[in-house]
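Please look through the notes below with the model open beside you.

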Amino acid sequence: MSDPYGTIGRMRGQPTILHLDMDAFYASVEQAAKPSLRGKPVIVGGLGPRGVVATASYEARRFGVHSAMPMGQARRRCPNAAFLYPRFDVYRSVSDTVMALLRALSPLVEPLSLDEAFVDLAAGDSAHTAAEAQAVGHALRERIAAATTVTGSVGLAGSKMLAKIASERAKPDGLQLIEPGTERDLLDPLPVRTLPGVGPATDGVLRRAGITTVGDAARAGETELVRLLGSAHGTGVHAMALGIDDRPVVAERDAKSVSVEDTFDVDLTDRARVRHEVDRLAERCVQRLREHGRSGRTVVLKVRSHDFSTLTRSDTLRGPTDDPAVVRELAARLLEGVDTTAGVRLLGVGVTGLADFTQEDLFAQAGATVDGEEDSGPEPVPVREPEPAAEPAPDRRWLPGLDVTHTEYGPGWVQGSGVGRVTVRFETPGSPPGRVRTFGVDDPLLSRSAPPPLGGEDQRSSSGGEASRPKS
């Protein structure tokens, strides 16, 4: 074909960049884990009045439900859907399995999120031609489905931009390869919003100038786009419109920070409650730090007020730590300088300046004595000794979607709760759709449990409890 812009030679000659995008990931994991929800609309996200949709299954998307939609609007559009609380530990576990399969193909894997990544197949000697890349893509999708029972869509092209476009066009549960030489035919009619870096604001500027497709942007020329969008942005959009994308696949980089935050259904005004929530977030943040084998020097507190104004406060330690008492105390100290009397909508605690060691490692001998004299190590951060912890009470928040077990009926998940009752469906990933039973919220035989595994032999052997019994 003709190439009026003279750019095809500047793309990778073979479609050996792979983009994987898991299909409706959170919702698909829930459907895989809960047989009664397969083929039915499922919506995952915050369930309170301020909640938003994290992911909607394809069955729910037919009703116009999409990510980031207010949950109240999603309920109005699809009232018969299953509305579930997110189980991020499960999603991370499935993601780890998928990312391990990608790393078996190449050392250059660039995760973008839990459910999305680029892979440079040529760097791993997995594929050097279009036919080889296509075979690898098909085999990858089969391995992911076998290992997780969740599907993903694959795009293959000579650049990251085109591979991502291809995977989007392959959804759901498909594969598309963009053959060398066909790039312009594919790009030109696409909406200009398809290009990386073109969001709603940029799209509005371009539309007012009569530029609505990628082909329009290419024909407008760099000078016009720079006039409309500024030098850096205009030059970048023009290059992408021409299909010029030489960005390499970059192997996963270490996280620069770890943080957790919560949005509250009702603004918090009680100072003691705010302090309690900060302590709780600090504990969760340190738990996440330790899961990654990291420590950090700077503690950050985030407070969003009732009027959506947001402020952050931070303080830096002399050395990195993963001590929950230290992080909790420093976050509480930062809170002391924040006025929360008007109401708090969101709180967050984070740790930055990450390291693979702790201050205790550096100064392990700080309290030792030498020749009868005390070592003058660095002054420790003052920490208020916590009161002796009482035996933790069982978590009796029966949020829809969470895993539970009953002494008599076995494993299941919470279908709903209210007015002192909790409804549980007893089934596991490898069982038939299970029976529903209702209990009092304080039933001593009912408790939270770890999620059952997904995929492979584990799933086929995991059916049990009420779900494994013949239905009467």
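1. The axes of α12 and helix α13 (residues 324-336) come within 9 Å and cross at roughly 140°, where axes are lines fitted to C-alpha atoms, for helices over the stretch in contact, and angles run from 0 to 180 degrees between N-to-C directions. That angle makes α12 oblique to α13, since angles under 35 degrees count as roughly parallel, over 145 as roughly antiparallel, 65 to 115 as roughly perpendicular and the rest as oblique. The crossing of α12 and α13 is right-handed, a crossing being left-handed if the near helix is turned anticlockwise from the far one by less than a right angle, and right-handed if clockwise.

2. Among the residues that make this contact are Arg271, Val274 and Arg275 of α12, and Pro324, Val327 and Arg328 of α13; contact means heavy atoms within 4.5 Å. By class, the contact of α12 with α13 has nine nonpolar, no polar and seven charged residues, where Ala, Val, Leu, Ile, Met, Phe, Trp, Tyr, Cys and Pro count as nonpolar, Asp, Glu, Lys and Arg as charged, and the others, Gly among them, as polar.

3. Please keep in mind that this is a predicted model, in which local features need pLDDT of at least 70 and side-chain atom pairs count only at pLDDT 80 or more, while totals for chains, interfaces and linings use all residues. Residues are numbered from 1 along each chain as its sequence is written, and side-chain values use heavy atoms, with hydrogens and water left out. Helices (H or I, at least four residues) and strands (E, at least two) are DSSP runs, numbered from the N terminus.

4. Helix α8 (residues 200-208) and helix α10 (residues 222-229) have axes that come within 10 Å and cross at roughly 120°, which makes α8 oblique to α10. Thr202, Val205 and Leu206 of α8 meet Leu225, Leu228 and Leu229 of α10, and the residues of this contact divide into five nonpolar, one polar and no charged.

5. For helix α1 (residues 25-33) and α4, the axes come within 10 Å and cross at roughly 95°, and the two helices are therefore roughly perpendicular to each other. Their contact includes Phe25 and Tyr26 of α1 and Phe88 and Val90 of α4.

6. The largest pocket has a volume of about 1,900 Å³ and is lined by 41 residues, of which Tyr85, Pro86, Phe88, Asp262 and Arg284 lie nearest its centre. On a 1 Å grid over the protein atoms alone, a cavity is a set of points where a 1.4 Å probe fits but cannot get out, and a pocket is an open set with protein on both sides within 12 Å along at least five of seven lines; lining residues have an atom within 4 Å of a point. Grid points are joined across faces, edges and corners, and a volume is the space filled by probe spheres set on the points. The pocket lining has 16 nonpolar, eight polar and 17 charged residues.

7. The structure holds one cavity of 30 Å³ or more, and the largest cavity has a volume of about 60 Å³. Strand β16 (residues 410-418) gives the largest share of its lining, three residues.

8. The peptide bond from Lys171 to Pro172 is cis, with omega near -10°, and Pro172 is found in the loop between α6 (160-170) and β8 (175-177). Ala24, in the loop between β1 (17-22) and α1, has phi near 45°, a positive value in a residue other than glycine.
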